[in-house]
Structure formats: C-alpha cells, structure tokens
Amino acid sequence: MIHPVQTEQNAQSTADLSPLTSLQPAIIAIDGPAASGKSTVGFQLAQRTGFLFFDTGILYRAVTWAVLRAGVAPQDEAAVGRMAEQTIIDIGPAGNHNDGRQSSVMIEQQDVTWQIRTPEIDQNVSAIAANGLVRQALLAQQRRIALHYGHGRAAQPGIILVGRDIGTVVAPDAPLKIYLNATAEERARRRFHEQQARGKAVDYTRVLEDIYRRDKLDSERALAPLRPADDAIVIDTSTLSTDQVIERILAAARGKWG
C-alpha cells in the first residue's frame with residue numbers, strides 16, 4: 001500500500017536526488033488512475049527535491065465545484081466551458097494549515113481545498129474533465145506553470161506535475177514520465193480509508209463502483225484519454241510503499257541520466 005512512512009534504509013537509498021535535480025527542463029510528469037498513489041508519491045518527491053508540487057487534477061475539481069455551486073448541469077458542455085474560462089483558480093503552498101493538505105486551492109479568494117475532495121465532486125469530475133472546452137481552458141495554464149518552473153524561472157528548482165494526461169498532452173516533452181497504477185480493489189480501499197479518516201460515512205462497495213466508473217470514463221473519453229505515454233516508466237504500486245516507488249523512480253532516472 002502507498003503510505004508516507006520512510007524507513008532508515010529507504011531514506012539512505014533515496015538520498016542521492018541528483019538525477020532529478022539535474023533534469024533539463026526540470027519537469028517530472030506523473031500520471032495514473034484515481035488512488036494509484038501519484039499524489040502521495042509526487043508530494044513526497046517534491047518535498048525531497050524542493051520541486052513545486054502541482055496536482056493538475058485539482059483544477060478540474062475546482063471547476064466541478066464551481067459548476068455544481070452555480071447550479072449548472074455538468075452535462076451542459078457550453079455552460080461548463082464558460083465556467084472554466086471565467087473561474088479564477090489559485091494554487092498555493094499549504095502554509096500554516098495543519099490539516100493534511102498538500103497545497104491550498106483558492107477560488108475567488110475562498111479556500112476550497114477540502115470542498116473539492118468530496119464524493120459529490122468524485123462523481124462528477126470525470127464528466128467535466130472530458131469536456132473539451134474545459135480541457136482547452138485549463139491546458140494553457142498548466143503548460144505555463146510547467147514551463148515557468150521547469151526552466152528555472154522561480155525559486156524552486158523544478159516542478160512535479162501530477163494528473164491523467166501530463167505525459168501525453170500537458171508536458172509531452174518532459175524528460176521524466178512516470179505512470180503509476182494499482183488494482184481497482186486496492187485503489188478503492190485507499191480511497192475508502194481516506195474518506196473514513198476525514199469522518200465521512202462511506203461504503204466500500206460504492207467506492208469500488210465509483211473507481212470502475214471513473215476508470216472507464218477516463219480511459220474511453222475521445223479527448224486525451226488516460227494512458228501511459230510511450231516513453232513512460234510504468235510502476236504498479238499495489239504492494240509498494242511510497243519510498244519503494246520513489247526508489248524505483250530514482251533508479252530509472254539514474255539509469256537514464258547516469
């Protein structure tokens with residue numbers, strides 16, 4: 001299972017991060033289906049490298065939240081597209097918040113970090129993410145952020161982008177592309193315990209059904225379907241810890257760049 005606990009042995013084995021910090025441009029793309037561990041791995045890797053952590057999926061979640069809050073039907077492609085163009089989304093560090101967040105998400109100066117992590121958002125985000133108008137509205141922003149940090153135009157030495165089409169669409173020229181996967185049952189178990197830990201009443205069977213449904217939507221959509229990039233390193237995280245996944249990423253980087 002993916003977890004953030006770091007053993008002494010793994011801490012030593014992941015000490016040499018030079019293969020990542022010397023990337024040109026310094027962009028790491030991490031893709032994968034829901035609950036495959038990509039956010040946990042990306043965040044831990046960002047902490048160790050000093051890279052900016054950017055979970056691009058939160059942009060789609062933020063748009064979904066804005067759409068539902070405005071009473072717009074998620075199936076109304078034109079209206080949802082307009083919402084995506086007009087919604088101002090800001091991503092920032094966790095700051096002084098001590099609630100487990102990896103970053104802060106603001107819409108019109110309102111903190112919606114946890115409002116966009118609810119079952120209602122889970123059930124609607126895939127449909128909105130499949131909307132071509134939404135993807136077009138957010139693609140330019142994602143690329144701008146990736147290039148800004150990847151080319152050293154900010155304090156951070158690079159950026160880690162996490163999503164479902166980073167290596168194939170958003171940053172196809174990223175020098176390091178990772179695709180994480182896990183069994184549907186294991187991913188549902190992770191999501192189930194995650195929701196329980198936040199005090200939410202959830203049913204495992206429904207969570208598993210939602211995982212299957214989202215996988216189908218993400219992989220079968222006509223625009224930017226979920227799939228590994230041709231040159232991505234594919235890692236099954238079903239039985240691996242966070243540190244074991246990171247070590248595999250580092251080993252691949254060492255092999256590619258010495």
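1. In this predicted model, α4 passes α7 in a right-handed crossing. The two helices pack at an angle of about 135°. Their axes lie 11 Å apart.

2. Who makes the α4–α7 contact? From α4 come Leu59, Tyr60 and Val63. From α7 come Val134, Arg135, Leu138, Gln141 and Gln142. By class, this contact has 5 nonpolar, 2 polar and 1 charged residues.

3. The largest nonpolar core holds 37 residues. Within this core, Val63, Val134 and Leu161 touch the most other members. Val63 also belongs to the α4 side of the helix contact, and Val134 to the α7 side.

4. Which elements give two or more residues to this core? They are β1 (27-31), α4 (57-69), α5 (77-86), β4 (104-107), α6 (119-129), α7 (132-150), β6 (159-163) and α8 (166-170). The most comes from α4, with 8 residues.

5. Leaving aside residues up to four places away in sequence, Leu161 touches Ile27, Ile28, Ala29 and Ile30, along with Phe54 and Thr56. Gln142, Ala146, Ile166 and Val170 are also among the residues that Leu161 touches. Gln142 is in the α4–α7 contact as well, on the α7 side.

6. As background, nonpolar side chains tend to be buried together in soluble globular proteins.

Definitions and conventions: Residues are numbered from 1 along each chain as its sequence is written. This is a predicted model: local features need pLDDT of at least 70, side-chain atom pairs count only at pLDDT 80 or more; totals for chains, interfaces and linings use all residues. Side-chain values use heavy atoms; hydrogens and water are left out. A nonpolar core is a set of buried Ala, Val, Leu, Ile, Met, Phe, Trp, Tyr and Cys residues joined through side-chain atoms within 4.5 Å. Buried means under 20% relative accessible area, exposed over 50%, partly exposed in between (1.4 Å probe, protein chains only). Helices (H or I, at least four residues) and strands (E, at least two) are DSSP runs, numbered from the N terminus. Contact means heavy atoms within 4.5 Å. Axes are lines fitted to C-alpha atoms, for helices over the stretch in contact, and angles run from 0 to 180 degrees between N-to-C directions. A crossing is left-handed if the near helix is turned anticlockwise from the far one by less than a right angle, and right-handed if clockwise. Ala, Val, Leu, Ile, Met, Phe, Trp, Tyr, Cys and Pro count as nonpolar, Asp, Glu, Lys and Arg as charged, and the others, Gly among them, as polar.
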